[in-house]
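Have the coordinates open while you read.

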Amino acid sequence: MVSARTAAPPPQAASAPMPHDDTRRNDTRRVQPTDGERPRERAKGWNRVWVALFLAPFLLLYLGFTLWPLAATVYYSFFDWSGSGPVENFVGPGNYRSILTDELFWLAVANTLIFAVLTTVIKLPLSLIAAVLFTRKWLRGKKFFRTTFFAPLIIPVAMAGLVFTYLLNPSNGALNALLRDIGVIDESVDVFASRWSALFALVLISVWQVFGQYVIYWMAAIQNVPEELYEAAELDGATEWQKLTRITLPIIKPVAVVILLLGLVNAMHVFGLVVTLTGGGPGTSTYVISYFIYDRAFASVPFSYGYASAAALLFSVIAFLIVMGQGFFVSRAQKLRKEYGV
C-alpha cells in the first residue's frame with residue numbers, strides 16, 4: 001500500500017500551468033506604438049540636402065511673395081509715402097489715427113461685411129442643396145449639371161464684370177430689352193444707380209460665378225458620410241429632409257464650419273467685380289476695402305501708399321479675428337461628430 005507521502009501527483013496536476021503564467025506572458029509582451037506615438041524619422045546625410053533642395057523654390061516664393069510684402073506693408077504704414085522716392089517722412093501711428101476717423105474707410109468696411117454676409121447666406125444653402133441632389137443615385141444627368149454650375153468659375157472676374165456691364169446697361173442692355181419686350185417693365189432700370197441695388201447686383205453676380213466651387217466643397221464633405229446611415233434611414237421611412245437634418249448636417253458640421261469661414265473670407269476680398277461693374281459708384285457708395293486700398297495707393301493723386309498700407313493692415317486684422325473663430329467652432333463640431341460614431 002502506497003502512503004500519502006510517497007503518492008505521485010496526478011498527471012493533470014503536474015502538467016497544469018501555474019495560475020500566474022498568463023499574467024507574466026502578458027506583462028512581458030511588447031506593446032507596439034501607434035502611428036501617433038511612433039517617433040518621426042529625421043533626414044540624415046544627403047537626404048537633408050535633397051529635402052533642402054526640394055523645399056528651396058517654395059521657400060523663396062513664400063519669402064518673396066508673402067513674408068516680404070507683409071513686412072514691407074507694416075513698415076510703410078508708419079510713413080507718409082507716395083510709393084516712389086525715398087521713404088523718409090515718418091509719421092508713426094498717424095496713418096492709423098487718420099483711418100480711424102475716415103468715414104469712407106468705415107463705409108468700405110460696412111459694404112465689405114454686407115457683401116460677404118449676403119453672398120455667404122445665399123451661396124452656401126443653395127450650393128448645399130445642389131450638392132445633396134448631385135450625390136443622390138436617382139438623379140439623372142449629373143455630369144451635365146455639374147459642368148453647367150462649374151463653368152462660370154473658369155471665367156475671369158474681369159471678363160464676367162464686362163459681360164454683365166453690357167447685359168445690365170440701362171440704355172441698350174440685353175436684360176432691360178428682354179424685360180421691356182415681355183412687358184415686365186415699361187422703361188429701363190439702372191441697377192447701378194443706387195447703393196443697395198448696386199450692392200445686390202454685385203452679390204448675385206458673385207454668387208453666380210463661385211456657385212460651382214462651393215458645390216464641389218459640399219459634395220466632397222457629403223461623400224464622406226457612410227452610406228449605411230442613409231440605407232438605415234430609408235428602412236425607417238425617413239424623408240430626404242430628415243436625412244439632411246438628422247444625418248448629413250450633423251456629420252459634416254466640422255467641414256461646414258470651414259466652408260462657412262472660407263466663404264466669408266473669400267467674399268471679403270471682392271475687388272474685380274467692383275472695378276469693372278461700379279467703380280465704387282454711384283459716387284463712393286459701393287466702395288469695398290480692397291477698392292479703397294487700391295484707390296488710395298494707385299488711383300487718387302497724390303498717391304498715399306503708406307496710408308493704403310495702414311488700411312490693408314487694419315483690414316487684415318478684421319479678417320484674422322473672423323478666422324480665429326474657426327478653431328473653436330470646429331472643435332465643438334468634432335465633439336458632436338464623435339457622438340454619432342463617425
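1. Ground rules. This is a predicted model, so local features need pLDDT of at least 70 and side-chain atom pairs pLDDT 80 or more, while totals for chains, interfaces and linings use all residues. Numbering runs from 1 along each chain as its sequence is written, and side-chain values use heavy atoms, with hydrogens and water left out.

2. Salt bridges. Taking a side-chain nitrogen of Lys or Arg within 4 Å of a carboxyl oxygen of Asp or Glu, the count is four. One of them pairs glutamate 240 with arginine 136, closest N and O atoms 3.1 Å apart. That pair links distant parts of the chain, 104 residues apart: glutamate 240 sits in helix α11 (residues 240–251) and arginine 136 in the loop between α5 and α6 (142–150). Helices here are DSSP runs (H or I, at least four residues), numbered from the N terminus. Arginine 136 is buried at 10% relative accessible area, whereas glutamate 240 is partly exposed at 38%; buried is under 20%, exposed over 50%, partly exposed in between (1.4 Å probe, protein chains only).

3. More pairs. Glutamate 234 bridges to lysine 243 at 3.0 Å between the closest N and O atoms, and lysine 243 is buried at 4%. Arginine 296 and aspartate 295 pair at 2.6 Å, with arginine 296 at 17% and aspartate 295 at 8%, both buried. Shared partners join Arg136, Glu234, Glu240 and Lys243 into one network.

4. The cavity. A whole-structure search finds one cavity of 30 Å³ or more; a cavity is a set of points on a 1 Å grid over the protein atoms alone where a 1.4 Å probe fits but cannot get out, and lining residues have an atom within 4 Å of a point. Its lining is Val109, Thr112, Leu113, Met268, Ile289, Phe315 and Ile318. Helix α5 gives the largest share, three residues.

5. Surface patch. Val51, Leu55, Phe58, Leu59, Tyr62, Leu63 and Leu67 make a nonpolar patch of about 630 Å². Patch residues have over 30% relative accessible area and no salt bridge, with nonpolar side chains (Val, Leu, Ile, Met, Phe, Trp, Tyr) joined within 5 Å. Leucine 55, in helix α3 (residues 46–76), is partly exposed at 43%.

6. Peptide bond. The bond from glycine 281 to proline 282 is cis, omega near 0 degrees. Proline 282 is in the loop between α13 (272–278) and α14 (289–299).

Key. Patch = residues over 30% accessible without salt bridge, like charges linked within 9 Å, V, L, I, M, F, W, Y side chains within 5 Å. Areas by Shrake-Rupley, 256 points an atom, 1.4 Å probe, with all protein chains shown as cover. Helix = DSSP H or I, 4+ residues; strand = E, 2+ residues; numbered from the N terminus. 1 Å grid on protein atoms, 1.4 Å probe; cavity = no way out; pocket = protein on both sides within 12 Å on 5 of 7 lines; lining within 4 Å. Points joined across faces, edges and corners; volume = space filled by probe spheres on them.
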